Amino acid sequence: MALAASDPELYAMLERERARQRDGVELIPSENYVSAAVLEAMGTVFTNKYSEGYPGRRYYGGNEVIDEVERLAQARARALFGVPHANVQPYSGSPANLAVYLATCQPGDVIMGQNLPDGGHLTHGWKVSATGIYYKSVPYHVRPDGYIDVDEVRALARAHRPRLIWCGATAYVREFPFAHFAEIADEVGAYFAADIAHIAGLVVGGAHASPVPHAHVVTTTTHKTLRGPRGAMILVTERGLARDPELAEKVDRAIFPGLQGGPHDHTTAAIAVALGEAARPEFATYARQVVANAKALGAALVEQGFTLVTGGTDNHMLLVDLTPGGPGRGTFVQEALDAVGITVNKNTIPGEPVSAFYPSGVRLGTPAATTRGMRESEMRQLAAWMRRVHDEITPYRLPEEREARNQVLREFREAIRQNRALEMMRAEVRELCRRFPVPGIG
Ligand SMILES: *Cc1c(COP(=O)(O)O)cnc(C)c1O
């Protein structure tokens with residue numbers, strides 16, 4: 001109410017974004033809808049406070065309540081993941097990962113992570129990331145079949161003796177081989193960090209194996225499958241403390257004062273709420289349904305004639321390989337699906353034949369659609385729409401030459417704006433969405 005009255009310009013944008021989230025199917029695998037309670041916790045006076053430091057050790061007065069909030073979030077994180085130490089202050093997943101480097105490495109040390117075009121994350125040593133600039137990155141890859149090449153990981157680790165090895169990815173559809181990574185890290189004396197940003201909700205819901213028995217450190221975002229506010233956590237395991245009894249202090253010092261200033265206390269409050277929700281039995285049901293929906297969507301897409309990287313999925317995510325229709329088609333498919341209200345993201349596929357900007361695949365995920373209550377039958381409906389959308393745009397191919405590319409893209413955008421079949425599908429998608437309210441929006 002206050003916002004609508006005091007800033008109608010911004011309020012109008014909020015209304016449009018609410019409508020967009022309500023009237024379309026969100027299939028971006030890193031996105032989700034938080035509960036009304038999490039949303040409420042974020043919009044509170046906790047945002048007014050400065051509290052640099054940690055509970056009981058602050059640089060500002062007036063932190064009695066904030067200390068309780070942060071201790072509650074820490075305790076819930078420790079209990080949920082079964083770890084002795086949790087830092088809940090990282091602003092997001094990327095700074096959380098940078099803090100792990102700061103805690104375990106010296107600049108110039110060798111580190112290993114999954115190559116970005118193979119599904120890895122920027123912060124696992126990609127060349128334009130601080131992690132690839134300040135550390136010597138030796139990337140590992142997926143095999144042509146899309147699975148992590150564990151033999152290559154072992155060979156590279158033996159040859160380069162890294163200080164830190166990451167396992168975790170942003171576009172990977174199979175169970176992560178955490179035990180293999182632990183064995184390799186132990187053999188070469190490396191720290192093993194698991195980055196479960198995408199799958200944290202599946203891990204706590206029992207729908208994916210936990211890295212906690214294997215890794216020294218675990219990082220995660222809180223806003224993906226875990227369904228909390230935008231933020232992150234760093235967990236130190238028993239194994240981590242056995243390897244280095246000071247690891248927890250090193251991680252805390254890396255976050256503050258190493259990398260960040262005051263924590264975002266309203267976010268910490270909302271993380272505590274989300275962790276409370278994730279501890280309930282309903283959340284395990286949710287996590288299992290996320291995977292069941294992804295498997296159902298995958299099977300339906302294969303039935304519709306699509307090709308999936310690795311042929312299917314073990315988690316919440318699918319990678320569709322669009323090369324049978326011509327390389328570089330990710331952009332076309334993403335934009336045409338957008339036009340009917342289905343949001344996906346273009347993505348590279350293993351052995352990407354074109355580029356990260358014009359990739360040959362799209363990445364889909366079920367966490368958000370599952371939160372609003374969609375099940376297997378809706379997944380089959382979505383796959384049928386994807387087939388129809390794909391068929392509407394089959395003539396469009398990505399030209400090799402740059403000028404021709406821009407020309408084709410312009411024509412393509414004009415054509416999808418005028419396409420009657422897509423317009424009719426847009427109405428059908430909106431109809432489906434009406435039956436599945438979004439938490440906090442309706
Ligand atoms: C999303 C993600 C991150 C980074 O999270 P941000 O909050 O976007 O900084 C890190 N690692 C992996 C594997 C991710 O998927």
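A residue is near a molecule or strand here if one of its heavy atoms lies within 4 Å of it. With that cut-off, let's start at the ligand. There are 13 residues around it, and Ser 92, Ser 94, Asp 195, His 198 and Lys 224 come nearest.

Some housekeeping. This is a predicted model, where local features need pLDDT of at least 70 and side-chain atom pairs count only at pLDDT 80 or more, while totals for chains, interfaces and linings use all residues. Residues are numbered from 1 along each chain as its sequence is written, and side-chain values use heavy atoms, with hydrogens and water left out.

Now the contacts. I call a pair of N or O atoms within 3.5 Å a polar contact; within protein, one must be able to donate a hydrogen and the other to accept it, and residues adjacent in sequence count only if both atoms are side-chain atoms. Take Ser 92: a polar atom of its side chain sits 2.4 Å from a ligand oxygen. For Ser 94, the distance from a polar side-chain atom to a ligand oxygen is 2.7 Å. Lys 224 has a side-chain N or O atom 2.7 Å from an oxygen of the ligand. How much of the ligand does the protein bury? The protein buries 86% of the 380 Å² that the ligand exposes when taken alone. Those areas come from the Shrake-Rupley method with a 1.4 Å probe; for residues, only the protein chains shown count as cover.

Who builds the shell? Helix α5, residues 93-104, gives the largest share, three residues. Helices (H or I, at least four residues) and strands (E, at least two) are DSSP runs, numbered from the N terminus. By type, the shell has two nonpolar residues, nine polar and two charged. The classes are these: Ala, Val, Leu, Ile, Met, Phe, Trp, Tyr, Cys and Pro are nonpolar; Asp, Glu, Lys and Arg are charged; the others, Gly among them, are polar.

Next, salt bridges. The rule is a side-chain nitrogen of Lys or Arg within 4 Å of a carboxyl oxygen of Asp or Glu. How many salt bridges does this rule give? The count is 18.

For burial, buried means under 20% relative accessible area, exposed over 50%, and partly exposed in between, with a 1.4 Å probe and protein chains only.

Pair one is Asp 145 with Arg 143, closest N and O atoms 2.9 Å apart. Asp 145 is partly exposed at 37%. Arg 143 is partly exposed too, at 36%.

Pair two is Asp 314 with Arg 174, again with closest N and O atoms 2.9 Å apart. This one links distant parts of the chain, 140 residues apart. Asp 314 is in the loop between β11 (307-308) and β12 (317-321), and Arg 174 is in the loop between β7 (164-167) and α8 (178-188). Asp 314 is partly exposed at 23%, whereas Arg 174 is buried at 11%.

Arg 420 is exposed at 53%; Glu 423 is partly exposed at 45%.

There is also a network: salt bridges link Arg 58, Asp 67 and Glu 70.

Now a charge without a partner. Asp 118 lies in the loop between β5 (110-112) and α6 (130-133). Asp 118 is buried but has no salt bridge. Where is the nearest side chain of opposite charge? That is Arg 143, 10 Å away. For charge, Lys and Arg count as positive, Asp and Glu as negative, and His and the chain ends are not counted. Asp 118 does have a polar side-chain atom 2.9 Å from the backbone nitrogen of Val 142.

Last, backbone geometry. Most residues other than glycine have a negative phi, and most peptide bonds are trans. Here are some departures. The Phe 256 to Pro 257 peptide bond is cis, with omega near 10°. Pro 257 belongs to helix α11, residues 247-259. Arg 227 has a positive phi, near 65°. Arg 227 is in the loop between β9 (217-221) and β10 (232-236), and is buried at 16%. Thr 310 also has a positive phi near 65°. Thr 310 is in the loop between β11 and β12, and counts as buried at 17%.
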